[in-house]
Amino acid sequence: MAEATILHLSDLHMDKGHFKEIKIILDALFDDLKGLKDENKKDLKPDMVFFTGDLVNSGSNYDEFGLAREEFIKKLLLPDILSLPEERFFFVSGNHDIDRNKWDEIVIGGIRTKCTDSGKLNNFFDTKLDLNSDKYLETLHNFIAFKNNFNNKPVETNNLFSVHQMNLHGVKFGIGCLNSAWLAFGGDDDRGKLLVGERQVDGVLDEMVLDEMGPYDVKIALMHHPLEWLTGFDSEEVENRITQGFDLFFTGHMHQNKPKSFRGPNGSLFYSDGGTLFSGDRKKDYQGYTILKLDTQSKEVNTVYFRRYIDSRRKFDKDVDRADDGCWQPNLGKKKTT
């Protein structure tokens with residue numbers, strides 16, 4: 001059985017003003033991941049990293065993206081920790097990654113108000129957004145610049161989404177990075193008002209179908225916001241397209257680890273709602289991450305390992321609040337003792 005090991009991280013909120021606090025969390029994270037290289041835990045060494053948004057605390061400051069790359073991403077991928085190239089680090093934008101100074105209430109509020117059904121939203125994607133993306137995606141300018149300077153080059157990209165290809169153990173992975181933050185401002189006011197659009201999901205899936213190297217064996221979608229943060233009609237349609245087209249779906253934003261696996265008339269899907277690395281107070285807030293073991297043949301997640309930061313020890317350990325012994329086996333319908 002060929003397996004792939006996925007490290008799911010989210011919501012770092014890198015901020016120079018809080019860097020000393022963030023560094024305490026990151027040092028504990030790096031130490032915890034080094035333990036995966038111990039003789040008895042070799043099978044937990046990640047093959048790829050999914051980061052589901054809010055890399056920085058303020059997308060208005062491009063320097064914070066540089067700080068996150070130097071102090072988080074590069075150190076995470078070092079030989080003594082994960083020993084992975086940047087090509088194995090995949091990420092999407094979150095609401096903190098946008099430049100709020102560029103947020104135009106008239107432009108963005110107008111899109112939210114006018115695009116009240118899929119026909120109007122599809123027409124907007126096909127005409128106005130396609131012809132004048134710089135105007136409508138202006139809040140993403142620093143994130144886009146950071147993404148374009150990253151070594152993980154996609155097989156297809158635009159200012160909204162990107163598609164990546166990765167081969168592992170003879171298995172071809174397709175990773176679609178969807179953007180749920182392009183109309184975001186931040187805070188609870190965004191709940192139920194965001195738009196992703198079936199055109200965006202179709203654009204990712206079309207690229208995977210048309211790839212000249214053949215079909216993808218495993219299809220994975222990344223997005224920052226959970227589906228319930230989209231407006232009603234869009235939430236339903238995007239969920240249908242993701243369930244029909246992808247095998248796994250990773251999100252962030254909620255700062256909790258609550259993965260689930262389900263089957264329905266439109267297909268089956270494993271959904272991983274990631275935790276957070278830092279959200280302002282390391283002593284009071286929840287900080288955690290997950291490691292997932294994927295059977296690449298059945299396309300099913302066999303095991304999820306929950307890790308939680310404990311400030312009194314300044315280290316990560318098993319999150320026994322999430323599952324017995326910090327481990328869950330979805331396909332067995334029961335928890336596992338490691």
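Modeller: Gladly; we will go through the charged pairs and then one threonine.

Modeller: This is a predicted model, so local features need pLDDT of at least 70 and side-chain atom pairs count only at pLDDT 80 or more, while totals for chains, interfaces and linings use all residues. Residues are numbered from 1 along each chain as its sequence is written, and side-chain values use heavy atoms, with hydrogens and water left out.

Colleague: How many salt bridges does a search of the whole structure find?

Modeller: Side chains of opposite charge can pair when their charged atoms come close. The criterion is a side-chain nitrogen of Lys or Arg within 4 Å of a carboxyl oxygen of Asp or Glu. Searching the whole structure gives 18 salt bridges.

Colleague: Where do Lys-23 and Asp-27 sit in helix 1?

Modeller: Helices are DSSP runs (H or I, at least four residues), strands likewise (E, at least two), numbered from the N terminus. Lys-23 and Asp-27 are four residues apart in helix 1 (residues 19-34), which means about one helical turn separates them. Their closest N and O atoms are 2.9 Å apart in a salt bridge. Partly exposed lies between buried (under 20% relative accessible area) and exposed (over 50%), using a 1.4 Å probe and protein chains only. Lys-23, at 34%, is partly exposed, and so is Asp-27, at 33%.

Colleague: Which parts of the chain does the pair of Lys-102 and Glu-138 link?

Modeller: Lys-102 and Glu-138 form a salt bridge at 4.0 Å, N to O. This pair links distant parts of the chain, 36 residues apart: Lys-102 is in the loop between strand 3 (89-91) and helix 3 (105-114), and Glu-138 in the loop between helix 5 (133-136) and helix 6 (141-148).

Colleague: What about Arg-199 and Asp-126?

Modeller: There the closest N and O atoms of the salt bridge are 2.9 Å apart. Arg-199 lies in helix 7 (residues 198-210) and Asp-126 in helix 4 (residues 118-131), so the pair ties together parts 73 residues apart in sequence. Shared partners also join Glu-21, Arg-282, Lys-283 and Asp-311 into one salt-bridge network.

Colleague: Is Thr-52 buried or exposed?

Modeller: Thr-52 is buried, at 0% relative accessibility, in the loop between strand 2 (48-51) and helix 2 (62-76). A polar atom of its side chain lies 3.1 Å from the backbone oxygen of Thr-251. Beyond its neighbours within four places in sequence, Thr-52 has contacts (heavy atoms within 4.5 Å) that include His-8, Asp-11, Met-223 and Phe-250.

Note on methods
A polar contact is a pair of N or O atoms within 3.5 Å; within protein, one must be able to donate a hydrogen and the other to accept it, and residues adjacent in sequence count only if both atoms are side-chain atoms.
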